[in-house]
Amino acid sequence: MTQTPTAAATDRYVDQFNALREEREKEPLWLRDLRREAFDYFQRMGWPIDEKRDEAWKYTDVKPIARASFRLPDAPGAALTDEDIVRLLPFDEGMSRVVFIDGHYAPEVSRIRQPDHASVRRLKEAIQQDESFVHGHLARYSAPHHDASVALNTTFFRDGVFIYTDRPLSAPVHVVYVTSEHADPVVTYPRTLVVAGTNAEVTLIESYVSLGTRNHFTDPVTEIALGEGSHVTHYRLLLENTDSYSIGHVRPCLGPDSTYKSVVYEAGSGLMRLDLEVLIEGPGAFADLRGLYLTRGKQHLDNLVSIDHAKPHGKSRLYYKGILDDESRAVFGGTVYVQPGADKTDAYQEDKNLLLSDRAEADSKPSLEIYADDVKCGHGATAGAVADEAIFYLRSRGIDEQTASRLLIKGFASEILDEVGIEALRVFLEERTTQSLPRFQAGLAA
Amino acid sequence: MAQTNHNRPILDIRDLHVSVGDNEILRGMDLSVSLGEVHAIMGPNGSGKSTFTNVVAGRPGYTITKGEIIYEGESILGMFPDERARKGIFLALQYPVELPGIRNREFLRTALEALREARGETKLAIREFNKFLEEKAKAMDFEPDLMKRNVNEGFSGGEKKRNEILQMSVLDPKLALLDETDSGLDIDALKVVSRGVNEFRGPDKAIVLVTHYQRILNYIKPDFVHVLIEGRIVRSGGSDLAQELEAQGYEWLREPPEQAA
């Protein structure tokens with residue numbers, strides 16, 4: 001019997017699923033059912049390629065992922081020290097830190113500041129110790145049948161982070177998902193669940209990093225439930241190597257009068273899709289979404305952001321910015337839905353791109369779907385302000401090229417990075433931003 | 001004080017031919033500008049006025065196929081725009097660029113520091129700079145708040161042009177090229193811009209003002225007026241030439257098609 005490469009790759013998932021039977025048998029029944037359901041969905045639907053590639057995947061082709069075989073690492077491929085983490089991510093002093101290497105918890109570099117009235121722990125542990133609570137939330141926001149990547153994550157996730165609090169959490173929680181260097185491509189399925197109770201305050205930083213330069217695949221899902229009046233600040237840093245793939249889903253559900261602030265920073269990955277799907281589930285909630293993506297080489301980064309205003313008096317603000325170099329491509333698809341009855345909604349979204357190369361391409365598609373009355377909605381996009389004009393302008397005033405480029409990039413990025421309230425993190429991201437565009441280390445003239 | 005040699009030109013354009021793609025825009029332009037002088041270059045759309053100022057400032061995208069640009073006795077053809085600026089050349093852009101995230105104050109301070117360093121001058125303390133900038137901004141009728149805003153972002157057309165003249169006044173070049181600084185200005189903005197240029201004017205400065213209309217020359221009286229048509233200077237004269245052009249247009253100066261040589 002001949003098989004298409006895609007079918008062969010799907011068989012690989014079946015083998016992996018079967019291989020984990022023993023591990024699953026230790027899990028509660030509801031979780032086993034959930035995984036079964038998710039895997040059934042994946043087997044039925046597969047990846048959105050070829051004829052299954054719909055509008056949502058118009059600009060992003062996941063064939064390289066669908067056709068490849070990724071191994072689930074049995075054990076971490078590397079050990080890290082505290083110095084290693086500080087060198088990679090020098091901003092988490094005083095924070096709780098939870099590290100996973102190749103999907104496995106790394107206690108030697110983790111330090112959880114366990115406050116009263118709160119639970120910050122490994123998801124695996126929470127499933128054992130707080131089973132019914134986790135059961136009430138896990139996969140409730142990010143449903144396994146959302147798409148192939150969520151289905152696979154639900155099927156295969158091993159561990160991750162669980163945060164529950166009903167008070168302000170004093171220290172931010174830094175979750176680090178590391179993939180180490182392997183000879184063959186590996187996959188990890190990080191899973192993060194945050195439940196912020198009434199009036200709780202949580203700051204979550206997720207960092208995705210690779211230790212090597214070889215291809216790997218990360219398929220993360222982050223669910224965030226915001227109770228009434230709660231505040232969650234969420235930073236998501238994608239710093240994986242430029243040969244890797246990342247298809248992720250972030251799903252914040254906002255209760256009444258809650259505030260969700262997110263900053264996504266994407267400087268890594270070769271092929272990335274981040275599906276940020278915000279639900280305004282309670283009246284008066286506020287979502288403030290900012291993103292900065294930096295692409296070069298042949299990177300392809302796709303941000304799909306949807307904000308679903310289901311209840312009245314909600315407010316959302318979205319500002320995404322991209323700096324694109326070489327032959328890279330960035331896709332931004334933003335949709336604001338205002339459901340019937342979500343009156344007095346106030347929504348604005350804007351995506352701006354700065355092209356450093358005429359071979360780079362930005363596709364920006366903000367859209368509004370409004371089914372309610374008395375709303376205030378707007379959007380804007382700049383597909384490609386070419387940097388040359390601005391560089392010439394700065395240079396014509398006597399500023400050398402390198403300084404001009406730095407000023408321009410720093411300035412363009414500042415509208416996003418100035419919103420980063422943790423100073424050490426902001427400084428790190430500012431430095432990372434200028435370093436991410438190596439041509440401005442040497443100067444264009446060189 | 002050093003003696004200024006008014007006989008030796010600060011800018012000498014010799015038989016300049018410039019193309020954009022396959023299109024030859026300047027076709028043998030000659031011009032000589034000395035310190036203390038204000039030159040107006042007038043001409044219809046597409047005559048090569050902006051090409052000329054851009055090429056002197058070193059903007060990329062133009063190919064010089066023949067001729068020379070001599071500034072202070074040396075060719076500047078191989079120099080980058082920032083090198084030219086550090087030697088004292090300033091271009092007020094026809095379409096000033098918006099710089100998101102870069103504040104006016106930061107922009108001007110960075111530029112001034114680069115120029116002061118090139119001139120061998122010491123750094124200005126922030127307080128000194130702020131005071132200096134405040135005075136300059138006031139002279140251009142700018143609210144102090146405008147200096148905290150991003151360069152040209154959300155500025156009106158008039159504000160953008162005034163901002164160019166403010167930059168000129170802060171950076172204090174030797175040679176200022178003004179590319180249609182008057183276009184799109186209402187009469188009040190035109191007066192402010194002209195006042196700025198007249199204050200800048202002096203025995204150790206040279207100004208080349210490129211314009212389509214005679215109007216600005218009512219406020220800035222040029223020493224010389226040149227008419228640029230199809231990439232060549234076809235007529236030069238005193239400020240009365242501008243009046244003549246205003247009355248008669250440019251057509252009478254066009255070369256009659258291929259008369260007997």
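Visitor: How many cavities of 30 Å³ or more does a search of the whole structure find?
Guide: The model is a predicted one. A cavity here is a set of points where a 1.4 Å probe fits but cannot get out. With the volume cut-off at 30 Å³ or more, the search of the whole structure gives a count of seven.

Visitor: What is the volume of the largest cavity, and which residues are closest to its centre?
Guide: The volume of the largest cavity is about 110 Å³. Its lining comprises 15 residues, and those closest to the centre are Gly103(A), Arg158(A), Thr188(A), Tyr189(A) and Pro190(A).

Visitor: How many nonpolar residues are in the lining of the largest cavity?
Guide: Sorted by class, this lining has three charged and three polar residues. The nonpolar residues in the lining number nine.

Visitor: Why is helix H1 of chain B described as largely enclosed by the rest of the structure?
Guide: Buried means under 20% relative accessible area. Among the buried residues of H1(B) are Lys49(B), Phe52(B) and Val56(B). Helix H1 spans residues 49-57 of chain B, and it is largely enclosed because the buried residues number eight of the nine.

Visitor: Which residue follows H1(B)?
Guide: The residue in question has a positive phi, near 90°. The residue after H1(B) is Gly58(B).

Visitor: Which residues does Thr110(B) touch, not counting residues up to four places away in sequence?
Guide: Thr110(B) belongs to helix H3 of chain B, residues 104-118. With residues up to four places away in sequence not counted, Thr110(B) touches Ile399(A), Thr403(A) and Leu407(A).

Terms used
Residues are numbered from 1 along each chain as its sequence is written. Chains are lettered from A and ligands numbered from 1 in the order in which they are written. This is a predicted model: local features need pLDDT of at least 70, side-chain atom pairs count only at pLDDT 80 or more; totals for chains, interfaces and linings use all residues. Side-chain values use heavy atoms; hydrogens and water are left out. Helices (H or I, at least four residues) and strands (E, at least two) are DSSP runs, numbered from the N terminus. Contact means heavy atoms within 4.5 Å. Buried means under 20% relative accessible area, exposed over 50%, partly exposed in between (1.4 Å probe, protein chains only). On a 1 Å grid over the protein atoms alone, a cavity is a set of points where a 1.4 Å probe fits but cannot get out, and a pocket is an open set with protein on both sides within 12 Å along at least five of seven lines; lining residues have an atom within 4 Å of a point. Grid points are joined across faces, edges and corners, and a volume is the space filled by probe spheres set on the points. Ala, Val, Leu, Ile, Met, Phe, Trp, Tyr, Cys and Pro count as nonpolar, Asp, Glu, Lys and Arg as charged, and the others, Gly among them, as polar.
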